[in-house]
Amino acid sequence: MLKHYLRFYRTVVLVNVTRAMQYRLDFLVGIFATVGWTVITMVFLAAIFGKVPNIAGWTYFELIALLGFYRLIEGIGEFIFYRSFKKFSEDIRRGRLDMLLTKPVDFQFYVSIRFITIDAISSALAGLAIFWYGLKHSAYVFTPAALAAFGGLCLSGFLIHYSLWVFVHAFNFWLVKVNNLRNLIHGLVGTTRFPPEAYGRRAEVFMSFVIPLALIAAFPVKTLLNRSEWWYLPFSLFISLVFLILSRKFFYFALKSYSSEGG
Amino acid sequence: MPIIEVKNLKKHFNIYQKEPGVSGALRAFFKRKYYAAKAVDNVSFKVNEGELIGFIGPNGAGKTTTLKILSGLLYPTSGEVSVLGFTPWERKKEFQKQFSIVMGQKAQLWWDLPAYETFILNREIYEVSAERFKKVLTELVAMLEVEDILKVQVRKLSLGQRMKCELIAALLHSPKVLFLDEPTIGLDVVAQKKMREFIKDYNQKYHATILLTSHYMEDVKRLCDRVIMIDHGRIAFDGQLSEIVEEIADHKILSVIFQDPIIKDQLGGLGEVIEFDLPRVVLKVPRREVSLRAAQLLSQFNVEDLNIEEPPIEDIIRELFTGRDVA
């Protein structure tokens with residue numbers, strides 16, 4: 001079962017690489033665009049944060065690490081599922097989901113990973129580099145325990161991020177257009193590039209426990225900065241599991257009311 | 001044991017109605033009016049293995065909705081459906097691996113890739129072994145004569161070529177049941193003919209059960225022994241194509257060639273004149289009175305030739321669907 005899905009995913013990646021290569025110029029422009037964007041953002045942030053010693057207890061370099069980490073998860077999300085969901089919205093609007101629904105693969109899985117954005121790798125790598133740069137200039141911990149916790153928190157953060165997208169796009173089955181909702185989720189996830197503490201106590205609680213945005217970026221980064229609490233990992237894993245299951249249930253519930261166009 | 005069984009199937013859609021203009025849009029924003037459209041209304045039929053059935057009816061008759069329910073794309077409002085022993089809308093993988101649907105207006109091929117890439121993807125989805133994939137693909141490619149275009153971007157193909165590739169993509173896993181929704185739509189006459197030949201060959205060679213919708217009568221006439229006619233969500237006819245004529249048409253066509261000129265009024269009471277182009281006249285007469293009217297004609301006029309014909313099937317169906325002259 002798992003083997004089948006891994007093979008299938010590999011084929012999807014290969015098909016997508018072929019597809020991206022068909023438009024060679026696009027591919028190159030995509031890479032240049034992301035690298036260019038990253039450089040500009042870095043210069044811009046250096047200008048701003050160079051004048052501020054710390055924000056809500058975070059030093060300049062710690063903030064850079066968080067920012068880089070945020071770029072990394074955005075890049076990963078973009079690589080794996082952003083475009084698939086955008087296509088999914090389009091397909092619903094045009095009643096084109098039909099062909100996908102008849103396929104003997106997990107529908108949610110297929111819908112989530114059909115289209116890969118290859119050039120997002122460059123933006124993920126740029127994020128990784130910035131993350132690394134920030135870490136190197138901070139008081140980081142690289143003990144096996146910290147790294148293991150970091151890995152677990154990355155995974156659960158990714159799952160939460162993904163589940164939020166699933167939630168939002170489930171509304172597609174009723175609303176036909178969810179661009180505004182998608183922008184909202186982009187905005188919400190975008191807030192994770194700054195530490196939750198910076199938003200004030202109430203927001204911090206909200207971001208940790210209601211819509212667990214803090215779990216996406218701040219928790220993993222804090223672990224490597226030796227500022228985590230013992231409950232981060234179990235809490236984050238638990239929440240991500242809950243989100244994954246609930247979003248899937250909600251997605252399939254919404255699917256039931258889907259009635260494709262025409263008749 | 002039928003391979004498809006449909007019992008009292010109903011599908012009603014809630015369709016939202018908007019009044020025209022800005023004020024209508026504004027009103028609809030707060031309170032929407034819905035009405036229930038009965039797309040499928042109490043439909044029952046059975047299909048045996050290997051049958052090639054034509055599903056015909058005007059636009060909006062409920063053909064596609066029925067096919068979508070049979071494919072598990074839509075949940076019915078009520079009724080029972082069994083395809084290959086499965087309930088379609090449960091979408092069991094085992095069921096999905098054994099059927100395919102091709103919709104003339106909905107593509108599954110990746111637009112900016114060669115069709116071959118979609119085939120590879122489907123190979124993985126349906127878990128077809130590499131050997132089997134190669135064998136089936138070779139056969140299908142030969143049958144459809146598309147050797148040269150498999151590596152060409154789909155967007156650069158003609159509609160006919162694209163439909164052929166769509167068919168291959170749908171058949172790679174050798175489905176036992178195949179639903180074809182308007183497979184010839186938009187194709188030119190030659191391509192339509194090719195497509196028809198392929199469907200017929202495929203049905204005979206692999207004993208696949210095929211349900212085909214079309215509003216080209218020619219498709220159905222050439223391909224299907226049995227037709228199911230659907231109109232306003234109900235089955236109007238289910239049987240051999242040849243029976244439609246007898247069952248539904250309440251009239252026959254008398255075409256007469258007169259030796260001497262006559263005037264139209266002389267034919268009063270003999271039948272409805274549908275063509276008057278001396279020496280040829282075509283009359284529509286009630287089925288039961290055909291021999292009587294023919295005898296009357298022969299005795300009253302100098303007739304050079306007289307033919308009694310069944311009305312063309314297209315006309316019967318057109319009449320049936322416009323609700324006129326239906327027995």
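Modeller: A note to start: residues are numbered from 1 along each chain as its sequence is written, and chains are lettered from A in the order in which they are written. In this predicted model local features need pLDDT of at least 70, side-chain atom pairs count only at pLDDT 80 or more, totals for chains, interfaces and linings use all residues, and side-chain values use heavy atoms, without hydrogens and water.

Biologist: Thanks! Why is C224(B) called buried?

Modeller: Buried means under 20% relative accessible area, exposed over 50%, and partly exposed in between, with a 1.4 Å probe and protein chains only. C224(B) has 4%, so it counts as buried.

Biologist: And what makes C154(A) partly exposed?

Modeller: C154(A) has a relative accessibility of 25%, and therefore counts as partly exposed.

Biologist: Which residues line the second largest cavity?

Modeller: Among them are M99(A), T102(A), F99(B) and Y126(B). A cavity is a set of points, on a 1 Å grid over the protein atoms alone, where a 1.4 Å probe fits but cannot get out, and lining residues have an atom within 4 Å of a point.

Biologist: What is the volume of that second largest cavity?

Modeller: About 40 Å³, where a volume is the space filled by probe spheres set on the points, joined across faces, edges and corners.

Biologist: And the largest cavity, what is its volume?

Modeller: The largest cavity has about 60 Å³. Of its ten lining residues, those closest to the centre include W37(A) and R71(A).

Technical notes: 1 Å grid on protein atoms, 1.4 Å probe; cavity = no way out; pocket = protein on both sides within 12 Å on 5 of 7 lines; lining within 4 Å.
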